[in-house]
Amino acid sequence: MENQQFKPYVPDTKNYSELSVVSVILGIIIAVAFGGANAYLGLRLGMTVSASIPAAVISMGILRIILRRKSILENNMVQTIGSAGESLAAGVIFTVPAIFMWAKDYADIDVPGLLTVTLMALFGGILGVTMMIPLRRFLIVQEHGVLLYPEGTACADILMAGETGGSKALKVFAGLGAGTLYKLISDGFKLFPSEIEWEIPGYRNGAIGADVQPALLGVGFIIGPRIAAYMLAGAVLAWLGFIPLITIMGEHSASVIPPASKLVAELDFWGIWNHYIRYIGAGAVAFAGIISLIKSLPIIVKSFIAALSGFGVSSASLKRTDRDLSVKWVLFITISIIILIAVLPQIPAGIAGAFLIAVFAFFFVTVSSRIVGVVGSSSNPISGMTIATLLFTTLILKALGITGTAGMVAAITVGGIVCIAAAIAGDTSQDLKTGYILGATPWKQQVGEFIGVVFSSLMIGTVLVLFDKAYGFGSKELAAPQATLMKLVIEGVMNSNLPWGLVFTGAAASAVVELLKIPSLPFAVGLYLPIHLSTPIMIGGLIRHFVDSRKCEKEEKDSFVESGILYASGLIAGEGITGILIAIAVVLGFKASDGTILSPWFSVSAFIILVISLYYFSVKKRKR
């Protein structure tokens with residue numbers, strides 16, 4: 001049923017170049033680049049950033065300015081394919097690294113190979129697209145004006161604004177160059193340390209620090225000062241509260257306090273963080289994730305019922321702007337994927353796991369597709385959905401007698417594929433909203449989503465195997481916080497071996513914050529992660545605050561913020577891509593010395609220059 005009052009930017013009667021060879025190739029390059037960068041960021045920080053707007057801006061810069069191609073639908077196709085990499089990366093890094101970590105602890109669990117990781121990503125991504133397609137006509141068309149889809153609408157606005165020309169892509173490329181150069185000098189050539197920290201005199205195990213890296217600065221600018229402050233508050237409680245408290249209470253104990261294997265008096269602040277704070281943080285994140293899901297329940301129930309009412313509605317016309325992929329093909333692909341999950345030995349889920357994937361993926365794809373239309377992709381409670389899936393899946397598998405390591409791996413496989421499907425469904429919904437506003441051809445966009453999923457799956461599988469060989473998940477370099485949390489949830493249910501006192505301490509901290517009407521999830525993430533990550537994020541948030549506080553017209557201020565976000569996105573992509581290249585060098589045996597040439601004070605100076613560049617590119621006025 002077409003929304004008769006809405007008129008797309010490109011009329012249905014016009015046929016612009018859309019799914020072209022150029023748009024596909026450029027979209028794949030962006031999907032791989034931003035997918036790899038977000039995988040690196042997510043494994044370090046436990047969060048990712050949207051790639052839709054940077055992809056759209058880069059597309060405009062290359063297609064319009066360099067190649068002189070003027071199809072807005074071609075630009076839209078590039079961002080459709082390109083944004084799939086970020087969403088797929090988010091779903092994978094939240095769960096799959098847990099199997100790598102288990103393989104180090106349990107002799108009967110094999111390290112996942114490239115084929116296993118790729119297939120999990122591919123199957124989850126395909127299910128996310130196919131299960132969302134039948135919902136498009138209801139969620140995107142009939143609910144237009146009701147469901148805003150913030151990122152999708154913003155992306156459409158940027159592409160339409162780009163029709164008049166501009167040089168926004170230069171901001172992304174400038175950030176990309178700065179992030180690449182900084183990361184290469186600091187972590188590649190080891191000219192100066194990328195992590196600085198100071199112990200506070202007279203404060204037993206009290207310390208502050210910062211990872212002076214471009215990606216963290218960029219994340220802080222994008223999420224803004226308020227969320228950054230919530231994260232820093234959690235980090236301050238952990239590093240200047242819990243760590244010194246545990247030190248004081250335990251340093252005179254003559255016995256080992258589990259889960260540590262050493263006396264508390266023998267542990268420095270990193271040791272206490274590793275053995276105690278991570279469990280407190282896990283409890284805080286788990287509680288906050290479940291609370292975010294519970295708070296969303298009214299929207300979830302309404303979304304699920306409403307979306308089902310539009311499922312399978314046949315097309316009232318064959319207009320170009322209303323043609324989806326054939327429902328028969330969609331059902332065939334979906335059923336085939338479920339069967340492959342059940343029978344392929346590379347996917348350790350089994351028949352029971354495949355059935356659970358079909359049920360939970362269908363439910364949470366529907367929820368994700370609808371809820372991002374209300375709160376946006378950035379606030380989509382994917383972690384809460386995944387935790388809920390893991391809890392129910394682990395309990396069901398345990399009841400069926402699938403226990404031990406086999407049950408643990410099966411549970412994380414189910415949760416991983418469902419998580420990937422929900423993440424991709426949210427991205428697909430935003431992309432289809434952009435296409436609806438612009439007048440794109442839905443079936444071509446859906447093919448573009450498949451293309452993005454396929455090539456991003458190949459990329460993410462390679463990246464995960466590479467990072468595991470170079471650093472190892474759960475290490476100081478790649479903490480993989482979300483995957484570690486999912487791992488602890490499954491182990492706690494399956495083996496009943498969690499230090500529940502520490503977990504409940506973290507849950508209580510999140511509960512107090514929630515009662516104070518402060519969003520508990522960013523606070524909990526800050527509590528879980530080292531303060532070294534939250535500090536530069538806060539600095540980026542402060543730069544955003546200074547840009548927002550400038551006294552000027554709203555249109556000009558919005559332009560400043562947009563420029564800063566584009567430059568910040570470039571910083572993130574530059575560090576992420578360079579981080580992957582450094583990991584390749586490490587695997588090949590090219591490893592720089594452990595020490596650095598210059599002192600930490602040079603790190604501070606270099607980071608200050610980076611901060612100034614972010615502010616400069618934010619407020620620099622574009623030449624007309």
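Two strands are said to pair if DSSP finds at least two bridges between them. In this predicted model, strand β1 (residues 195–199) and strand β2 pair in the antiparallel sense, with 5 bridges between them. Within this pairing, E197 stands opposite G209 of β2. Strand β2, which spans residues 207–211, is mostly covered, as 4 of its 5 residues are buried.

Helix α9 (residues 214–250) and helix α10 (residues 269–295) have axes that come within 10 Å and cross at roughly 105°. Angles of 65 to 115 degrees count as roughly perpendicular, so α9 is roughly perpendicular to α10. On the α9 side, the contact is made by A238, W239, F242, I243, I246 and T247, while α10 brings F269, W270, I272, W273, Y276, I277 and I280. Sorted by class, this contact of α9 with α10 holds 12 nonpolar residues, 1 polar residue and no charged ones.

Leaving aside neighbours within four places in sequence, I277 is in contact with A238, F242, I243, I246, I272 and L527. I277 also belongs to the largest nonpolar core, which has 167 residues; together with L127, I341, I460, L464, F467 and F473, I277 is among the members that touch the most others. Helix α15 (residues 404–438) gives the most to this core, contributing 18 residues. A second, separate core has 20 residues, including A210, V561, V611 and V619.

How values were computed:
Residues numbered from 1 in each chain as written. Predicted model: local features only at pLDDT ≥ 70, side-chain atom pairs only at ≥ 80, totals over all residues. Heavy atoms only, no water. Core = buried A, V, L, I, M, F, W, Y, C linked by side-chain atoms within 4.5 Å. Buried < 20%, exposed > 50% of the residue type's maximum accessible area, 1.4 Å probe, protein only. Helix = DSSP H or I, 4+ residues; strand = E, 2+ residues; numbered from the N terminus. Contact = heavy atoms within 4.5 Å. Axes fitted to C-alpha atoms, helices over the stretch in contact; angles between N-to-C directions. Parallel < 35°, antiparallel > 145°, perpendicular 65-115°, else oblique. Nonpolar A, V, L, I, M, F, W, Y, C, P; charged D, E, K, R; others polar.
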